[in-house]
Amino acid sequence: MRAVRYAVLLACFLAYSTTAAAAAPVFQLSDLQKLVSLHDPQISPDGKEIAVIVSTPDWKADKARTEIDLVDAAHGTRRTLIKGHESLSSPRWSPDGRHLAFLAKDPGTKKTQIFVMTMNGRRTWRATDNTQGVDDYAWSPDGKRIAFIAQDPALHAEAIKAHNKVFQVTNGHFLLTKDVAPWQLWVAPAAGGKATRLTHGEFSLGTDQGGTTTPAWSRDGKRIAFTRIPGVHWASGFHSVIAEVDVASGDMQTLVSEQTSDHVEFAPTGDAYAFLRPRNGDQNNGDAVYVNIGGKTYDATAALARHFSNYLWMPDGRTLVTAGALGTHTVLWEQPLPGKARLLDLGDVEANDGLGTTTSNNTTSMSVARTGAIAFIGTTANHPSELYVLDSVNAKPRRLTNVNAFTDSLDLGRTESIEWIGPDGFREDGVLVYPVGYRRGRKYPLVLVIHGGPTISSNAGFQRLAQLLAAAGFLVFQPNYRGSTNLGDAYQHAIYRNTGDGPGKDVMAGLAAVEKLGMVDESRIGVSGWSYGGFMTAWLTSHYDVWKAAVAGAPVVDWLMDYSISYYQEGDAFLFGSSPWTNDGWDIWRAQSPINYVRNVKAPTLIMGDVMDSNVPLVNAEEWYHGLRDNGVTVEFYAYPETSHLPHDLVQVSDVYRRWVEWMEKHLK
């Protein structure tokens, strides 16, 4: 009996040793250096090839090596088409598919210009030489011309040269140091040559935050439509309309007069056009896709009553494909005109770029061929971004690339969706990522990672930070609170005049639902987020005493200050329906500002942010830091010398994630 017992013990030991030796590695911080990003897939008119931006990290240089690859749509074979250019972006096929244009920094002009190459690879030329550089462009229907957007030369150059640098302050952010010149529309021969300016005035086709309109050619090539913004600052975009200009005469007229209209596209057949606009003009609703057919405009997506992040026309000119969030998934719909929308079957693929950042993860990049094939970037719960193709709206997606193959050999945290009924009767949801090596019956420390926005949502795609936390042994909960874009307009609109208390109760209801699963160590719960997620972190730690650790990235803590100096301004005002400096808004703006409750906070807090962030100015973080420190709360504050809202270079992104995970390990384990 003793011999048998020893034999059994030996067998168990050997089995354990073999299993341990064969255990797969987990997702680590160093794996960020391997993640390849794909962007802007452009399928050729005949549907046979797809041009796509491929960005590979270069840790030593702290930047991405970017190239344009060409992928065979039938077999997935991939070859490098264009590399070695700075600021390489925006591949666009000519209508006949014989040429590919792209944007890149020109060594001669030192600015971003349009380049065109023949697809036989024999010749590449620079099509523009604009002194300020090109921001966006579009081929004409006949392929002979290219419309592009470029900023005007710097304003008051002579006065500045003479040391008179004063400028007028209007609705720009507090970090501006000069007046911003507007963006205007030009047309150039595709073969190269003199460009013609088509628009003039103080209005703009772009803003100081980098977004410009994409020109939209009419089917006959005689007119170009664009988003016309009354000023150059981001907040001016709330008053944008859609205009069009006659290419021959330069005469301009308004095509869509309803404000906040954007992203216009003409149908490939007939005289219809579509555009995006907040449903019914209410800024707290999601963006609807409006269509004008025969002079009559209607909301083609009214029956779904939710936010759409993108759309495209199908070749028949009578159907759209729309993109948006549905619960914890990013999906595509086929939208007949008119008719009932049909959800496309994407299986376990999320139709988003898979970046999995803390502030944005709902972007859908897609394009369509004349055959009806659709190329898009997608991700799954356990695999980052890859290139996919739908051969038709009735087909299932085929994955064409495997640029992130290394993740298939990793032991990743399992991702699931969870639903609950919220405090106001809303059916709410979120995403759970289990700790690597999860065992039923054990309880784990929990970290909440709350998305920014607020008008985005967390989805079940691959999330870098969540997987890093899961690898460290944490259960990760990503709740979608009111204001999120994934549960319809009613839920998105419910944040109106309820920016902190309502979302806070939503998150706490979600936390209770997770706790009911029986796997949370309720003595070890942390909360974290960036941007609006940072605001939620500040709100929750100042209103609920359940947190043992907190990470507040770029947190909004003082709505009054944020309204007054950030570029949002009017964007903040739409949430409250008023200004903080009027009688109507005096009380509510202050009541919803976490800084007024800073004396309640007990959780050890890590604060991070970018020094020159004009989105959520670092002054917010400074206030929160001093408020916590002066009240005896354990707090550390780290700032990155960047102009962005979240560091974008690999070294500093890695540092953000490292500090985030280590803070939770220090205080929850």
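Two strands are taken to pair if DSSP finds at least two bridges between them. By that criterion, this predicted model contains an open sheet of four strands in the order E1-E2-E3-E4, paired in antiparallel fashion.

- Strands of a sheet pair through backbone hydrogen bonds, in either a parallel or an antiparallel arrangement.
- E1 and strand E2 (residues 49-58) run antiparallel and are joined by five bridges, with His 39 standing opposite Ile 53 in E2.
- The hairpin of E1 and E2 has five residues between the strands, and Gly 47 in this hairpin takes a positive phi near 75 degrees.
- E2 is also joined to strand E3 (residues 63-72), by ten bridges and again in an antiparallel sense; here Glu 49 stands opposite Asp 72 in E3.

**Packing of helices H5 and H6**

- Two packed helices are described by the angle between their axes and by the distance between the axes.
- The axes of helix H5 (residues 501-515) and helix H6 (residues 532-541) come within 10 Å and cross at roughly 80 degrees.
- Angles of 65 to 115 degrees count as roughly perpendicular, and H5 and H6 are therefore described in that way.
- H5 contributes Asp 501, Pro 503, Gly 504, Val 507 and Met 508 to the contact, while H6 contributes Met 536, Trp 539 and Leu 540.
- The residues of this contact divide into six nonpolar, one polar and one charged.

- Glu 244 lies in strand E15 (residues 241-246).
- With a relative accessible area of 4%, Glu 244 falls under the 20% cut-off and is therefore classed as buried.
- The side chain of Glu 244 makes a polar contact of 2.7 Å with the side chain of Arg 223, and another, also of 2.7 Å, with the side chain of Gln 253.
- Leaving aside residues up to four places away in sequence, Glu 244 touches several other residues, among them Ile 224, Phe 226, Met 252, Leu 255 and Phe 266.

Definitions and conventions
Residues numbered from 1 in each chain as written. Predicted model: local features only at pLDDT ≥ 70, side-chain atom pairs only at ≥ 80, totals over all residues. Heavy atoms only, no water. Helix = DSSP H or I, 4+ residues; strand = E, 2+ residues; numbered from the N terminus. Buried < 20%, exposed > 50% of the residue type's maximum accessible area, 1.4 Å probe, protein only. Polar contact = N/O pair within 3.5 Å; in protein donor to acceptor, adjacent residues only side chain to side chain. Contact = heavy atoms within 4.5 Å. Axes fitted to C-alpha atoms, helices over the stretch in contact; angles between N-to-C directions. Parallel < 35°, antiparallel > 145°, perpendicular 65-115°, else oblique. Nonpolar A, V, L, I, M, F, W, Y, C, P; charged D, E, K, R; others polar.
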